[in-house]
Each structure stands twice: as structure tokens, then as C-alpha cells.
Amino acid sequence: MYDNENVCARGSCSFHVELVMVDGTALPAVYCGDACADFAWLKRGVESLEPSREKAEALQNINALERLLNGRTDPFAVGPLLGGLYG
Ligand SMILES: [Zn+2]
């Protein structure tokens with residue numbers, strides 16, 4: 001699915017991911033930073049909603065957010081989107 005596992009898993013993001021230590025082994029993280037991880041979580045949530053006006057508005061917000069993330073020149077130019085609201 002991704003031709004380079006060291007690139008952020010958010011489809012339109014091409015930043016490389018950091019290595020994270022898991023049980024003493026350095027493994028590539030899935031996303032380049034909190035903003036992409038939060039974005040993916042938000043997008044999954046919105047896409048799982050039943051079709052409605054609220055969903056359409058939420059999708060517009062998601063698209064605007066995606067453009068913001070795509071415009072970054074640094075993966076940490078945008079911080080966590082959810083401020084620790086989950087996990
Ligand atoms: Zn990313």
C-alpha cells in the first residue's frame with residue numbers, strides 16, 4: 001500500500017516518520033507527528049457518520065484541515081489537533 005514504510009501513513013503526507021523505541025527496538029512511527037495521527041483519527045470518525053448536513057460540514061472542515069497539513073514545511077508546524085482528548 002505504501003511504497004516506503006518510513007513515510008507518514010496519511011495518504012497525502014510525504015514527511016518521513018521518526019523512529020520510536022518499542023521494547024528496545026527502533027521502529028518507524030506510523031505518522032510523522034501528532035497532527036497527522038489526529039487528522040487520521042478525526043477523518044475516520046467523520047467518514048463513519050451517517051450522511052447528514054453535519055457530516056457534509058465536518059467533511060469540509062476535514063478537507064480544509066488536510067490542505068493546512070499539506071501546506072506544512074515541517075511536520076511539527078501544526079501541533080496535536082485534539083489536545084489530548086483521546087488515548
Ligand atoms: Zn504526516
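This is a predicted model: local features need pLDDT of at least 70, side-chain atom pairs count only at pLDDT 80 or more; totals for chains, interfaces and linings use all residues.
Local features are given only where pLDDT is at least 70, and side-chain atom pairs only at pLDDT 80 or more, while totals for chains, interfaces and linings use all residues. Numbering starts from 1 along each chain as its sequence is written, and side-chain values use heavy atoms, with hydrogens and water left out.

**Overall layout**

The protein chain contains two helices and two strands, in the order β-β-α-α along the sequence. Both are DSSP runs numbered from the N terminus: helices are H or I with at least four residues, strands E with at least two. Of the 87 residues in the protein chain, 29% are buried; buried means under 20% relative accessible area, exposed over 50%, and partly exposed in between, with a 1.4 Å probe and protein chains only. Among contacts (heavy atoms within 4.5 Å) in the protein chain with a separation of 6 or more, 41% join residues 24 or more positions apart.

**The cores**

A nonpolar core is a set of buried Ala, Val, Leu, Ile, Met, Phe, Trp, Tyr and Cys residues joined through side-chain atoms within 4.5 Å. The largest one has eight residues: Ala35, Phe39, Val46, Ala58, Ile62, Leu65, Leu69 and Val78. Two or more of these residues come from each of α1 (34-47) and α2 (53-70), and α2 gives the largest share, four residues. Apart from this core lies another of seven residues, including Cys13, Phe15, Val17 and Cys36.

**Helix α2**

The 18 residues of α2 should span 26 Å at 1.5 Å a residue, and its end C-alpha atoms are 26 Å apart, which agrees; the expected span is 1.5 Å times one less than the number of residues.

| Group in α2 | Residues |
|---|---|
| Buried | Lys55, Ala58, Ile62, Leu65, Glu66, Leu69 |
| Exposed, on the face turned away from the buried side | Arg53, Gln60, Asn61, Arg67 |

**Around Phe39**

Arg10 sits over the face of Phe39, 5.3 Å from the ring centre. A charge counts as over a ring if NZ of Lys or CZ of Arg is within 6 Å of the ring centre and within 35 degrees of the ring normal.
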